[in-house]
Amino acid sequence: MFKIRKYPDPILTNKAEPVTEFGPRLEQIVEEMFLTMYQEHGVGLAAPQVGISKRIFVVNCEKDQPPDGEIALINPEIVSVEGEQYGDEGCLSFPGMFAKKKRPMKVTMRAQDVDGEWFEVTGEKLLARALLHERDHLDGNVFVQDLELTEFIKLKKELEMMRREYKRAKARA
Ligand code: NI
């Protein structure tokens, strides 16, 4: 199982590298990412969050997360967005923190699968939010960036505590 990197680990704000090698090793990483995501009760997980700075993320937004709800996106690109939604968003790298955030209501992305085949996926509501949130991770953007000021202020103290905890943990290591 992978260990989740927490804010403010610098890997979270780095731009991830494109994936160029497909096949069993990549499939193994993706499988382990799903397992880690389920263990942490998340609906999405991006590779930088497990210490791999590559353009890979996984989501499963179906109720009870059945295997056929699993989508792994490699080198994803946004094709189109539509509409708007406003709702709570969280992130496994910011445990226990939630903020209201504006997102498109619907998104279509193009990505490669673990074998390098291109496919398209369209998501609405929660799936759209998860796809966009995880895609942001690959560019080094975390969900607390570009929040409305009132939402950001609510998280300010907790972010400060996380920064302090990160420093303490680093000093111990
Ligand atoms: Ni996240």
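## The nickel site

In sequence, the residues that donate to the nickel ion follow the spacing C-x41-H-x3-H. Keep in mind that this is a predicted model. The donors themselves are Cys91 through SG, His133 through NE2 and His137 through NE2, and they coordinate the nickel ion at 2.1 to 2.2 Å.

Where do His133 and His137 lie? Both sit in helix α2, which covers residues 125–138. They are four residues apart there, or about one turn of the helix. As for accessibility, His133 and His137 are both buried.

Now over to helix α1, which takes in residues 24–39 and so counts 16 residues by DSSP runs. From first C-alpha to last, α1 reaches 22 Å, close to the 22 Å you'd expect at 1.5 Å a residue.

Which residues of α1 are buried? The list is Leu26, Ile29, Val30, Met33, Phe34, Thr36 and Met37. Look down the axis of α1 and these buried residues fall within an arc of 165°, so they line one face of the helix.

After α1 comes His41, and here the backbone has something to check: the phi of His41 is positive, near 60°.

Technical notes: Residues numbered from 1 in each chain as written. Predicted model: local features only at pLDDT ≥ 70, side-chain atom pairs only at ≥ 80, totals over all residues. Heavy atoms only, no water. Helix = DSSP H or I, 4+ residues; strand = E, 2+ residues; numbered from the N terminus. Expected span 1.5 Å × (residues − 1). Buried < 20%, exposed > 50% of the residue type's maximum accessible area, 1.4 Å probe, protein only. Arc of directions from axis to C-beta. Donors = N, O, S within 2.8 Å, 3.2 Å for Na, K, Ca; no water.
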